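Here's a friendly walk through one protein chain, a bit at a time. Keep the picture open while you read.

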Amino acid sequence: MRVLIVEDEKKVAAALRRGLEAEAFTVDVALDGTEGLWMATEHRYDVIVLDIMLPGLNGFKICENLRASGDWTPILMLTAKDGEYDQAEALDTGADDYLTKPFSFVVLLARLRALLRRSGRSETVVYRAGDLTIDPATRRCVRGDTEVELTTREFAVLEFLMRRAGDVVSKSEILDNVWDFAFEGDPNIVEVYIRHLRKKLDDPFDRQLIQMIRGSGYRLDPDGG
Ligand code: CA
């Protein structure tokens, strides 16, 4: 999958590039609107992540331009919460979906996958660890024959650990990927969510899915615990 990111905030663009490359996307980044439109026109992408407020040419203009020339590459627009433009306008100019900043990487990834699926460009991904299965598209989590209810954030933490099953992942990696890029709260929030997950996924089944590796982070047992 090839994705174009048009985003002038370098930190956000770099974080998106890292995250999407780890998900096996091929990533191009344009840091202003003029370059973004040029790249979108010159190359073929499976999906475009398009910021609205950009130097050179704003996201709406890029979107309008592409649609006017018959280019229907799926577009996910990034809108600012209190910006002067609203989400309706994003959709009016021909964007397929929008995401309000600040957003978490996991939510962005879920939206991109949904867009790719809707456009017939991608297959469904389901993650398994032993008798535990999660389906990010439907947000279902099943342990054995039992469906387990998770909150959005619990699901996001679990999805991140499932994608990295068998690896030791640090608390800060989890924070960077599951919480907003700009999150500046207490990193110990991760522990709280791990506790919730254990209570729901381990205790009733007498298992131990998520191991704590002292001083390094967490490891999700690829066999489900
Ligand atoms: Ca911007």
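## A proline in a loop

Let's start with Pro 102, which sits in the loop between β5 (97-101) and α5. Those labels come from DSSP runs: a helix is a run of H or I with at least four residues, a strand is a run of E with at least two, and both are numbered from the N terminus. The peptide bond joining Lys 101 and Pro 102 is cis, with omega about -5°.

Before going on, a word about where all this comes from: this is a predicted model, in which local features need pLDDT of at least 70, side-chain atom pairs count only at pLDDT 80 or more, and totals for chains, interfaces and linings use all residues. Residues are numbered from 1 along each chain as its sequence is written, and side-chain values use heavy atoms, with hydrogens and water left out.

## The whole chain

Zooming out, the chain has 8 helices and 12 strands. Its radius of gyration is 19 Å, close to the 17 Å that the globule rule gives for 225 residues, so the chain is as compact as a globular protein of that length. (That radius is taken over C-alpha atoms, and the rule is 2.2 Å times the number of residues to the power 0.38.) Along the principal axes, the C-alpha atoms fill a box of roughly 60 × 35 × 30 Å.

How much of the chain is buried? Buried residues make up 44% of the 225 residues, where buried means under 20% relative accessible area, exposed means over 50%, and partly exposed is in between (1.4 Å probe, protein chains only). The accessible surface comes to about 11200 Å², and 46% of that belongs to carbon and sulfur atoms. These areas come from the Shrake-Rupley method with a 1.4 Å probe, and for residues only the protein chains shown count as cover. Now for contacts, meaning heavy atoms within 4.5 Å: among those between residues at least 6 apart in sequence, 55% join residues at least 24 apart.

## Helix α1 and its two sides

Helix α1 covers residues 10-22, and its 13 residues should span 18 Å at 1.5 Å a residue; the end C-alpha atoms are 18 Å apart, which agrees. (The expected span is 1.5 Å times one less than the number of residues.)

Which residues of α1 are buried? They are Val 12, Ala 13, Ala 15, Leu 16, Gly 19 and Leu 20. These cover an arc of only 165° around the axis, which puts them on the same side of α1; the arc is that of the directions from the helix axis to the C-beta atoms. Over on the other side, Lys 10, Lys 11, Arg 18 and Ala 22 are exposed. The cover for the buried residues of α1 includes β1 (2-6), β2 (26-30) and α5 (105-118). Just after α1, Ala 24 has a positive phi of about 70°.

## The calcium site

What holds the calcium ion? Asp 8 (OD), Asp 51 (OD) and Met 53 (O) coordinate the calcium ion at 2.1 to 2.3 Å. Donors here are N, O and S atoms within 2.8 Å of the metal (3.2 Å for Na, K and Ca), and water is not among the atoms, so sites may look incomplete. In sequence, the donor residues are spaced D-x42-D-x1-M. Asp 51 is buried, with a relative accessible area of 4%, while Met 53 is partly exposed at 48%.

## An enclosed helix

Now look at α6 (residues 152-163), where you'll find Glu 159. This helix has 12 residues and reaches 16 Å from its first C-alpha to its last, close to the 16 Å expected. Of those residues, 10 of the 12 are buried, so α6 is largely enclosed by the rest of the structure.

Glu 159 is buried too, with a relative accessible area of 2%. Leaving aside neighbours within four places in sequence, Glu 159 is in contact with Val 106, Arg 113, Tyr 127, Ile 134 and Pro 136.

Asp 176 lies in helix α7 (residues 171-178) and is partly exposed, at 48% relative accessibility. Asp 176 and our opening Pro 102 are 74 residues apart in sequence and 13 Å apart in space, C-alpha to C-alpha.

Asp 206 is in the loop between α8 (189-201) and β11 (210-213). Asp 206 is exposed, with a relative accessible area of 71%, and has a positive phi of about 55° although it is not a glycine.
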